[in-house]
Amino acid sequence: MTEPHDVTTPDSGPLSHLDDRGRARMVDVSGKSDTARVAVAAGELVTTAEVVSLVRADEMPKADVLATARIAGIAAAKRTWELIPLCHQLALSSVQVTFGFTGNAITIEATAKTKGPTGVEMEALTAVAVAGLTLHDMVKAVDPAAVLNGVRLLSKDGGKRGHWRRREEETTTAGEAGTVAPEDAEFVEQTGAPATVLVASTGVAAGTREDRTGPLIAEFLETRGFTVRGPLVYADADIAWGLEDALAGDPALVISTGGTGASPTDATPEATLALLDRELPGVAEAIRLRGLQVTPHASLSRGVAGLVGRTVVVNLPGSPGGVKDGLAVLEPILGHLLAQVAGGGAHE
């Protein structure tokens with residue numbers, strides 16, 4: 001008879017999915033308390049520039065590519081317990097699947113939420129994987145060589161370990177921004193840095209358009225440990241008042257979306273410049289350059305970035321794609337920037 005033995009790892013101790021004989025088991029979570037839990041996962045379908053262009057224009061032979069992949073990802077997250085043998089059946093309160101574009105890839109991000117005794121990492125990962133496979137199915141007639149890459153967990157919240165975030169610096173095949181350095185991530189996580197999201201949109205303010213960008217920014221910040229106010233919504237003509245409102249209480253960060261183009265009503269850059277003490281031109285230019293990898297229209301954005309006292313203010317475009325490009329630029333620098341402004345970051 002084989003003697004029992006512990007199955008351990010050097011860092012984490014006993015593996016919870018194995019018993020003392022190394023046999024797979026389902027973890028008993030009945031003794032754990034219910035907490036709000038969130039997990040964010042990502043991946044990408046690397047394909048051709050032609051496919052990216054066709055999907056963005058909704059001109060693929062199979063129509064509604066993104067809508068189909070989104071529904072598939074959400075449905076898969078809800079059935080993760082049937083697909084992964086040792087996963088628990090969870091009552092999911094929310095599953096969101098969103099897409100972005102680079103020159104040669106469709107990026108996928110999924111956020112799963114629940115309130116319960118165990119995490120939703122596998123649900124978020126499954127949503128990304130199945131959404132990606134559905135994208136592959138939808139584009140294979142044009143590009144059978146497409147590759148689903150980089151399915152990975154970005155962050156999770158809730159439970160005994162609280163907030164966890166992927167910390168190693170990395171760059172995916174499609175050039176997606178990596179994560180912040182550990183010391184800078186801790187600045188954000190430990191302080192719960194206050195941030196405000198501001199939306200400049202006459203249509204959203206009037207209730208005739210859906211806000212598709214403010215929630216993206218708020219979720220990005222919340223999953224990275226910020227205490228978020230907003231989205232605050234102001235018409236383009238009132239954006240100067242909106243900025244004053246957003247700056248109330250001296251938050252560490254204000255990110256605006258919209259009003260950065262060349263139309264007669266776009267006034268966010270001018271209103272921002274009127275308040276800035278110092279500009280951060282490199283940040284604004286990096287956001288435009290990131291957008292130019294996807295569309296030449298990114299060169300039309302006039303967004304600025306800078307400091308109002310010790311508050312970092314960044315203008316992002318008013319489209320979901322432009323917001324994702326901007327957040328990808330901010331991702332690896334934000335913690336270091338806020339630490340510098342607060343006086344605690346190293347200067348190079």
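Let's start with Val 55: setting aside neighbours within four places in sequence, Val 55 is in contact (heavy atoms within 4.5 Å) with Met 60, Val 65, Leu 66, Phe 101, Ile 106 and Val 139. Before I go on, please keep in mind that this is a predicted model, in which local features need pLDDT of at least 70, side-chain atom pairs count only at pLDDT 80 or more, and totals for chains, interfaces and linings use all residues. Residues are numbered from 1 along each chain as its sequence is written, and side-chain values use heavy atoms, with hydrogens and water left out.

Back to Val 55. Together with Val 97, Phe 99 and Leu 135, Val 55 is among the residues with the most contacts inside the largest nonpolar core, which has 32 residues. By nonpolar core I mean a set of buried Ala, Val, Leu, Ile, Met, Phe, Trp, Tyr and Cys residues joined through side-chain atoms within 4.5 Å. Buried is under 20% relative accessible area, exposed is over 50%, and partly exposed is in between, using a 1.4 Å probe and protein chains only. Who supplies this core? At least two residues each come from strand 3 (35-46), helix 1 (49-56), helix 2 (65-78), strand 4 (92-101), strand 5 (105-116) and helix 4 (121-139). Helix 4 gives the most, with eight residues. There is also a second, separate core of 27 residues, and Ile 255, Val 283, Leu 334 and Val 341 belong to it.

A word on those element numbers: helices (H or I, at least four residues) and strands (E, at least two) are DSSP runs, numbered from the N terminus. The chain comes to 12 helices and 13 strands, and buried residues make up 47% of its 348 residues.

Now, strand 3. Of its 12 residues, 10 are buried, so strand 3 is largely enclosed by the rest of the structure. On pairing, the rule is that DSSP must find at least two bridges between two strands. Strand 3 runs antiparallel to strand 5, joined by 12 bridges, with Val 46 opposite Ala 105. Strand 3 also pairs with strand 6 (residues 147-157), again in the antiparallel sense, over eight bridges; there Val 38 has Asp 157 as its bridge partner.

Why call strand 8 largely enclosed? Six of the seven residues of strand 8 (residues 194-200) are buried, so the rest of the structure largely encloses it. Strand 8 runs parallel to strand 9 (residues 227-234), with six bridges joining the two, and Thr 196 is partnered by Arg 229.

Two backbone details for anyone who likes torsions. The peptide bond from Gly 230 to Pro 231 is cis, with omega near 10°, and Pro 231 lies in strand 9. Asp 250, in the loop between helix 8 (239-247) and strand 10, has a positive phi, near 55°. Is Asp 250 buried or exposed? Asp 250 is exposed, with a relative accessible area of 64%.

Last stop, helix 11. Helix 7 (residues 214-222) and helix 11 (residues 320-330) pack at about 25°, with axes 9 Å apart. Those axes are lines fitted to C-alpha atoms, for helices over the stretch in contact, and angles run from 0 to 180 degrees between N-to-C directions. The two helices are therefore roughly parallel, a label for angles under 35 degrees. Making the contact are Leu 216, Ile 217 and Phe 220 of helix 7, with Pro 320, Val 323, Lys 324 and Leu 327 of helix 11. How many of the 11 residues of helix 11 are buried? Eight are, leaving the helix mostly covered. The cover over those buried residues includes strand 4, helix 7, strand 10, helix 10 (281-292), strand 13 and helix 12 (334-341).

Conventions
Parallel < 35°, antiparallel > 145°, perpendicular 65-115°, else oblique.
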